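Dear colleague,

I am passing the structure below on to you, and I would be glad if you could look through it alongside the notes that come after it.

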Amino acid sequence: MGAYNFNMVVFMAMVASMAFCSSATQHIVGDASGWVIPSNHNLYTDWASQRMFTVGDSLVFDFLTGDVTEVSKDDYDDCHVSNPESTIKTSPAIINLTCPGDHYYICSLEGHCIFHQKLAINVVMKSSCSK
């Protein structure tokens, strides 16, 4: 009976670790501030620097006005929308992170990006939990 209990505990630990390793994170962009023209121009840079973004995660942009537009690095740097990847105009905008690499988001309303309503993130592949 003791061996059965031990095996059951090991099995449950394995199942729990597999569930933990495969879980995706939903990131609320800007936390309580949401997706706005920030009063602190480092808001989104600081917010992103405290997180790890992995394939399978999602970003949630909550906003009252504006949009979320995925753009190239050049458009991000210049606050210009020459060839957007996508634009979402309804809130909450949920973006599923499906591929690794650098991703750039801005609000395309005039003046919003210039006043730092923009987010740059790096998405990585999920690491394997098995050793």
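What follows goes through the sheets, then the salt bridges, and ends with a surface patch.

Please keep in mind throughout that this is a predicted model.

To begin with the sheets, one of them is open, has 3 strands in the order E1-E3-E6, and shows mixed pairing. Its edges are formed by strand E1 (26-28) and strand E6 (93-96), and because each has a single partner strand, one side of each is left without a neighbour in the sheet. Neighbouring strands here are turned against each other by 20 degrees on average, direction ignored. Strand E3 (residues 58-61) pairs with E6 in the antiparallel sense over 4 bridges, and Leu59 is found opposite Ile95 in E6. In a regular strand, side chains alternate between the two faces of the sheet. Strand E6 has Ala93 and Ile95 on a covered face, while Ile94 and Asn96 belong to an uncovered one.

There is also an open sheet of 5 strands, again with mixed pairing, in the order E2-E8-E7-E4-E5. Strand E2 (53-54) and strand E5 (86-88) are at its edges, each with a single partner strand, so that one side of each has no neighbour in the sheet. Within this sheet, E7 and E8 run antiparallel and are joined by 6 bridges, with His103 standing opposite Ile121 in E8.

Turning to charged pairs, a search of the whole structure finds 3 salt bridges. In one of them, the side chains of Asp31 and Arg51 meet at 2.9 Å, N to O; this pair links distant parts of the chain, as Asp31 is in the loop between E1 and helix H2 (43-49) and Arg51 is in the loop between H2 and E2, 20 residues apart. Asp31 is partly exposed, at 41% relative accessible area, and Arg51 is likewise partly exposed, at 24%.

Another salt bridge is formed by Lys126 and Asp57 (3.9 Å, N to O). Because Lys126 lies in the segment after E8 and Asp57 in the loop between E2 and E3, the pair ties together parts that are 69 residues apart in sequence. Lys126 counts as partly exposed at 33% relative accessibility, whereas Asp57, at 2%, counts as buried.

Asp77 and Lys73 also meet in a salt bridge (2.8 Å, N to O), and both lie in helix H3 (residues 73-78), 4 residues apart, about one turn of the helix.

Finally, Ile37, Ile114 and Phe115 make a nonpolar surface patch of about 320 Å², in which Phe115 comes from the loop between strand E7 (101-106) and strand E8 (118-124).

Best regards

Notes:
Residues numbered from 1 in each chain as written. Predicted model: local features only at pLDDT ≥ 70, side-chain atom pairs only at ≥ 80, totals over all residues. Heavy atoms only, no water. Pairing = 2+ DSSP bridges. Helix = DSSP H or I, 4+ residues; strand = E, 2+ residues; numbered from the N terminus. Axes fitted to C-alpha atoms, helices over the stretch in contact; angles between N-to-C directions. Patch = residues over 30% accessible without salt bridge, like charges linked within 9 Å, V, L, I, M, F, W, Y side chains within 5 Å. Areas by Shrake-Rupley, 256 points an atom, 1.4 Å probe, with all protein chains shown as cover. Salt bridge = Lys/Arg side-chain N within 4 Å of Asp/Glu carboxyl O. Buried < 20%, exposed > 50% of the residue type's maximum accessible area, 1.4 Å probe, protein only.
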